[in-house]
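Here's a quick briefing to read with the model open beside you. Have a look at the structure before you start.

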Amino acid sequence: MCLLLVGVLPVGADTTSFTDREIAAFLAQGPWPQTPLADPGNEYSGNPLAETLGKALFNSTLLSGDETLSCASCHVEHLGFAEPKPVAIGVATHVRNTQGLLDVGLQRWFGWDGGADSLWSATLRPMLSEVEMAADIDVVARRLQTVPQFMSAVAELSGLQKAVINERRAADNDPPTENERLVVIAAKFLGAYMRTLASPRTPFDDYRDAVFNDDTEAQKHYPAAAKRGLKLFLGEANCQLCHFGPRFSNGEFHDTGRPFFTGVGEVDPGRYAGIQRLRADRYNLLGPYNGTHAEHETRKTRTVKLGQANFGQWRTPSLRNLTRTAPYMHDGSIATLRGVVDAYADIDPDRLHNDGEALLQPLDLTDNQRNDLVEFLRTLSR
Ligand code: HEC
Ligand code: HEC
């Protein structure tokens with residue numbers, strides 16, 4: 001493109017205006033930042049010492065079977081704690097894309113399939129998974145015992161908080177062991193740390209606040225293309241239906257028609273398997289290691305139902321930090337934001353396996369409109 005023409009011709013002139021309903025809708029996408037929730041069942045959540053040790057553990061290879069991998073091997077800080085590989089590669093090759101961890105403290109369910117109900121249990125899964133870190137509880141516990149800073153923090157904090165094991169729930173066939181307790185504490189420290197990972201304010205947040213404060217001067221900084229994209233996001237393209245709220249996620253699970261075959265005859269059933277995994281998980285909020293005994297925190301785990309419609313559903317991801325977390329979708333199958341927008345616009349309704357309401361329909365969007373949506377999405381990152 002000839003750069004000299006920019007400024008001469010009214011390229012992308014800003015003619016977008018919003019109705020009161022649209023303004024109300026996008027004000028609800030903020031304010032930012034938000035205060036994270038406490039990690040449910042985690043008696044160390046919010047404790048600064050636990051957060052500091054959690055950060056050290058995150059970067060340590062102590063937690064993997066052969067001491068070659070840390071959490072940071074896959075969750076890379078400058079990439080929003082995600083990584084550029086389509087699917088994660090740990091001890092073996094995973095079928096899913098590494099999730100970014102910024103703002104993870106605002107979620108209710110963890111994992112693409114919602115297979116974990118707390119940050120600390122979502123931590124034990126990669127540690128113990130044969131595919132990811134393939135660690136053994138007794139081996140990791142013995143290693144942790146040789147780290148003086150960790151052991152002294154455990155002594156200090158467990159003295160303060162005695163409720164590590166729920167004795168009532170522990171009276172099952174497979175009672176907790178001292179080693180397991182130590183590894184769970186490490187996972188809870190990691191949960192405390194991850195809860196603090198917050199993403200920065202973005203150009204969208206500045207625009208949203210400028211509209212909220214009626215500051216017309218500050219509103220001018222927001223690009224015209226992003227404004228057009230925002231209007232589509234709220235209206236014609238109806239993205240806000242699921243990508244709702246300050247995190248741009250309703251926190252719920254939906255089918256967006258992605259292919260679910262992961263190999264010949266192999267499928268990844270998404271939420272359907274996630275609920276089964278959650279129920280079978282010894283470290284769920286109904287298990288012996290729930291350290292806070294807050295009944296309201298366990299309600300979701302007690303009441304979640306499994307149904308045929310859960311097949312092929314994935315948790316709606318946040319749309320913040322996308323410029324750092326490519327590739328996209330649970331299987332990392334889409335490399336670019338334009339690719340994601342095209343996948344929605346050109347969706348094949350026959351691909352959607354859900355029996356309920358048809359939330360997604362093909363969208364009649366021009367090439368320019370698709371680029372506008374991408375420009376809008378880019379303003380949700382810094
Ligand atoms: C081999 C790469 C790999 C390693 C190592 C790894 N993770 Fe992950 N992580 C993933 C993948 C892949 C997912 C998505 C898993 C899923 O949906 O089942 C994920 C998901 C998560 C989630 C859920 C995020 C969300 O938005 O719901 C958390 C929390 C997490 N990891 C924390 C950790 C911690 C803590 C460690 C270290 C103990 C760790 N991970 C080690 C690849 C990895
Ligand atoms: C019916 C609910 C729903 C609607 C409507 C919806 N999305 Fe999504 N979105 C999801 C779910 C669920 C995923 C994850 C799918 C997967 O992992 O396979 C997703 C994934 C994404 C991703 C990838 C994020 C990442 O981190 O991998 C982007 C970008 C995205 N959506 C943007 C949009 C845009 C733009 C629109 C409007 C055109 C839209 N979405 C409409 C539910 C929805």
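Predicted model: local features only at pLDDT ≥ 70, side-chain atom pairs only at ≥ 80, totals over all residues.

Residues are numbered from 1 along each chain as its sequence is written, chains are lettered from A and ligands numbered from 1 in the order in which they are written, and side-chain values use heavy atoms, with hydrogens and water left out.

**Iron sites**

- The iron atom of ligand 1 has H75 (NE2) as its only protein donor, at 2.1 Å. Donors here are N, O and S atoms within 2.8 Å of the metal (3.2 Å for Na, K and Ca), and water is not among the atoms, so sites may look incomplete.
- You'll find H75 in the loop between α3 (71–74) and α4 (119–128). Helices (H or I, at least four residues) and strands (E, at least two) are DSSP runs, numbered from the N terminus.

**α14 against α15**

- Helix α14 (residues 337–345) packs on helix α15 (residues 367–378) at an angle of about 125°, with their axes 9 Å apart. Axes are lines fitted to C-alpha atoms, for helices over the stretch in contact, and angles run from 0 to 180 degrees between N-to-C directions.
- That makes α14 oblique to α15. Angles under 35 degrees count as roughly parallel, over 145 as roughly antiparallel, 65 to 115 as roughly perpendicular and the rest as oblique.
- On the α14 side, L337, R338, V341, D342 and A345 meet D367, R370, N371, L373, V374, L377 and R378 of α15; contact means heavy atoms within 4.5 Å.
- By class, the contact of α14 with α15 has six nonpolar, one polar and five charged residues. Ala, Val, Leu, Ile, Met, Phe, Trp, Tyr, Cys and Pro count as nonpolar, Asp, Glu, Lys and Arg as charged, and the others, Gly among them, as polar.

**α8 and its partners**

- α4 and helix α8 (residues 178–194) pack at about 120°, with their axes 8 Å apart, and are therefore oblique to each other.
- L119, W120, T123, L124 and M127 of α4 make this contact with V183, V184, A187, K188, L190, G191 and M194 of α8. By class, the contact of α4 with α8 has nine nonpolar, two polar and one charged residues.
- Helix α5 (residues 137–145) packs on α8 at about 70°, with their axes 8 Å apart, and the two are therefore roughly perpendicular to each other.
- In α5, I137, D138, V140, A141, L144 and Q145 meet N179, E180, L182, V183 and A186 in α8. By class, the contact of α5 with α8 has seven nonpolar, two polar and two charged residues.

- W32 and P33 are joined by a cis peptide bond, with omega about 0°; P33 is in the loop between α1 (20–27) and α2 (48–58).
- Another cis peptide bond runs from A326 to P327, with omega near -5°, and P327 is in the loop between β4 (314–315) and α14.
- D103 isn't a glycine, yet has a positive phi of about 65°; D103 lies in the loop between α3 and α4.
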